[in-house]
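Hi everyone, thanks for coming. Let me put the structure up on the screen, and then I'll walk you through a few parts of it.

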Amino acid sequence: MEPVRERELVDRCRREEPGAFEELVDQFKHLVFALIARTVPDRSRAEDLAQDVFLRIHRGLPYFRGEARLSTWIYRIAVNVCSQERTEEHTRRGAAQVSLDDPDSHLRAPSTVDRRFSDFELRDRLEKAIRQLPTQYRILIAGHYLQGLQYEDLAEAMQLPLGTVKTQLHRAKRQLRQLLEGELK
Amino acid sequence: MTSDPMCAALADAIEPIAAGELTPDATAAAHLSTCVSCAAALEQARRLDQLLRARPAPVPPSDFTVRTLQLIQKAGWRREQMVDWIFNSALIAAALLVAAGIGVALQHTGMPSVGREAFDALSNGMAVFAQRAAPSLPLYAGATGLLVVALGLWWWASDAAL
């Protein structure tokens, strides 16, 4: 969405024009939901959190000064919600580690383990490996591979320098690669 | 990775090269073409990048917008109720404070006897009013009941609409 159109939409929402906030939700729901659902594995929890993001946007719009772009401000709220959720989840679970191993893998004889994982298995492993990453890395991976989000958007949303975002993203991918070593063939 | 210093130097560059954000110079390119370990790391990084790009973006449910707007409406309604409750409580507290202040002032100014007379006059007036209103009491009770039912229906309808 172009900055001019974003400003118009904010003004219409502030005037409580009928349908304006609905348009805002429709415009950003895909990105917000995808970002959260990629960070929070429980889908129903992700839905609640995505709704919470829009509730915060609705409450915060009167105070939105327009210094940042609307989209950046929305990503920032979504990132904060993800970070808070991860912190709470860690507290609840006592920072339990997610095992990359299939729970039934110990039942199989090593000789039967197929080193060439099918794409489906590999994707499953990838999701589990992503869950092992620190919150910041997870959010970066989730955001960077969403269509429409640039490095600059992520840097502004996470309030980090552009170089830091790039470095952290590369470190996140390196960590992922190391977690999946032997399976990425 | 091996203990080759070039391998260590390239370790941080594998991901940027795989993402196409960094082009290896001649030395790095030569190393990548000969070092099995670094070449494999680069291949894995490229494969990982492909997998991450191919991850399907989760899609919100079709009624997401409707449910979100309902939630916002409900939250606004609750906030208004809270403001009303705080306002009413403040009003009652202020009235009680004023009444207490008047009582204390009367005690200090030696006006309790005047106050008692005023109270007696008010009680008598109310008694007369009650005697006169007594024949129409069922009518008043019926009207009050209807008003309560109407208010209840309005409240129920507003709540159900959210």
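Let's start with helix α8 of chain A, and what sits over it. The buried residues of α8(A) are covered by elements that include α5 (119-131), α6 (135-144) and α7 (151-158) of chain A, along with α2 (14-18) and α4 (36-54) of chain B. Covering here rests on contact, meaning C-beta atoms, placed from the backbone, that lie within 7 Å. Helices are DSSP runs of H or I with at least four residues, strands are runs of E with at least two, and both are numbered from the N terminus.

A word on the source before I go on. This is a predicted model, where local features need pLDDT of at least 70 and side-chain atom pairs count only at pLDDT 80 or more, while totals for chains, interfaces and linings use all residues. Residues are numbered from 1 along each chain as its sequence is written, and chains are lettered from A and ligands numbered from 1 in the order in which they are written.

Back to our helix. Which residues of α8(A) are buried? They are Val165(A), Lys166(A), Leu169(A), His170(A), Ala172(A), Lys173(A), Leu176(A) and Arg177(A). Because they cover an arc of only 155° around the axis, they fall on the same side of α8(A); the arc is taken over the directions from the helix axis to the C-beta atoms. Buried means 20 or more other C-beta atoms within 10 Å of a residue's own, exposed means 12 or fewer, and partly exposed is in between, with C-beta atoms placed from the backbone. On the face turned away from the buried side, α8(A) carries the exposed Gly163(A), Thr164(A) and Gln178(A).

Now the two chains. Chain A has 8 helices and 0 strands, and 31% of its 185 residues count as buried. Chain B has 7 helices and 0 strands, with 8% of its 162 residues counted as buried.

How do they meet? 28 residues of chain A are in contact with 23 residues of chain B. On the chain A side, the elements giving two or more residues are α2 (20-39), α3 (43-60), α5 and α8. The largest share, 9 residues, comes from α2(A). By type, that side of chain A divides into 15 nonpolar, 4 polar and 9 charged residues; Ala, Val, Leu, Ile, Met, Phe, Trp, Tyr, Cys and Pro count as nonpolar, Asp, Glu, Lys and Arg as charged, and the others, Gly among them, as polar.

So let's look at α2(A) itself. 14 of its 20 residues are buried. There is a kink of about 50° centred on Phe28(A), where the bend is the angle between axes fitted to the seven residues ending there and the seven starting there.

Leaving aside neighbours within four places in sequence, Ile74(A) is in contact with Phe28(A), Val32(A) and Ile57(A).

Finally, two loop residues. Glu16(A), not a glycine, has a positive phi of about 55°, and it lies between α1 (3-14) and α2 of chain A. Gln159(A) has a positive phi near 55°, in the loop between α7 and α8 of chain A.

Conventions
Contact = placed C-beta atoms within 7 Å.
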